[in-house]
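Colleague: I'm new to reading protein models. Could we go through this one together, a question at a time?

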Amino acid sequence: MGSHVSRAPGPAAVMIALRRVVRFLRLADRQAETAVGLSGAQLFVLQTLAREPAGSLAELAERTLTDQSSVSTVVSKLVARRLVARTAAKGDRRRAELRLTTAGEQAARTSPRVPQARIAEVVRSMPPAQRTQLVGSLEGLVAAIGANEVSPRMLFDDEPHKARRSRPRGRR
């Protein structure tokens, strides 16, 4: 019997895993755009509100595991498309309650489930020590590649969804 030495995965294994995650998210975002004309971030918010209306932006940010300004941007887009209604709370008129409109309910019901929801479920179910280890590894990678100055917006919220054509040359 030979000794079985456990080898750490090589750098290629890390890149392959990262590519899989990024591609999985990008493909899901394109599928959402094609299916219902919404970004993955917008669908994530719609599907979150479909489970239960939110009493405030802060509550919705907590439920979507993001910051209030990012979720506010997404909600504003959904309000403009008349998929989400923002109404003053009965007990505190300064606070906005968020709920789906009839059109928003229809979009949430007929749209594909976004992977952000699954990721949130998996992360919430991780033991605290495993979450700590994952965050430490990811934050170490973020710092090492210089991405710590990039705003952590909702996944694919600020990405263009349709190819933009460059302006034709010659004629102006």
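**The largest pocket**

Modeller: Happy to! About 1,900 Å³ of space lies in the largest pocket. Do keep in mind that this is a predicted model.

Colleague: Which helix gives the most to the lining of the largest pocket?

Modeller: Two or more lining residues come from each of helix H1 (11–36), helix H2 (40–51), helix H6 (115–125) and helix H7 (128–144). The top contributor gives 8 residues, and that is H7.

Colleague: By class, how many residues in the lining of the largest pocket are nonpolar?

Modeller: Let's sort the lining by class. There are 6 polar and 7 charged residues. The nonpolar residues number 25.

**Charged side chains**

Colleague: Let's move on to charges. How many salt bridges does the structure hold?

Modeller: Side chains of opposite charge can pair when their charged atoms come close. A pair counts as a salt bridge if a side-chain nitrogen of Lys or Arg is within 4 Å of a carboxyl oxygen of Asp or Glu. By that rule, the number of salt bridges in the structure is 3.

Colleague: Which residue forms a salt bridge with Glu59?

Modeller: Glu59 is partly exposed, because its relative accessibility is 28% and that class runs between 20% and 50%. The closest N and O atoms are 3.2 Å apart, and the partner is Arg63.

Colleague: Which residues are linked with Glu121 in a network of salt bridges?

Modeller: Glu121 pairs with Arg113, with the closest N and O atoms 2.3 Å apart. Glu121 also pairs with Arg118, at 3.3 Å; these two are 3 residues apart in helix H6, so about one helical turn separates them. The residues linked with Glu121 in the network are Arg113 and Arg118.

Colleague: What about Asp29: which residue has the nearest side chain of opposite charge, and how far away is it?

Modeller: Asp29 sits in helix H1. Asp29 is buried and has no salt bridge, although a polar atom of its side chain lies 2.5 Å from the backbone nitrogen of Gly40. The nearest side chain of opposite charge belongs to Arg30, at 6.8 Å.

Conventions. Residues numbered from 1 in each chain as written. Predicted model: local features only at pLDDT ≥ 70, side-chain atom pairs only at ≥ 80, totals over all residues. Heavy atoms only, no water. 1 Å grid on protein atoms, 1.4 Å probe; cavity = no way out; pocket = protein on both sides within 12 Å on 5 of 7 lines; lining within 4 Å. Points joined across faces, edges and corners; volume = space filled by probe spheres on them. Helix = DSSP H or I, 4+ residues; strand = E, 2+ residues; numbered from the N terminus. Nonpolar A, V, L, I, M, F, W, Y, C, P; charged D, E, K, R; others polar. Buried < 20%, exposed > 50% of the residue type's maximum accessible area, 1.4 Å probe, protein only. Lys, Arg positive; Asp, Glu negative; His and termini not counted. Polar contact = N/O pair within 3.5 Å; in protein donor to acceptor, adjacent residues only side chain to side chain.
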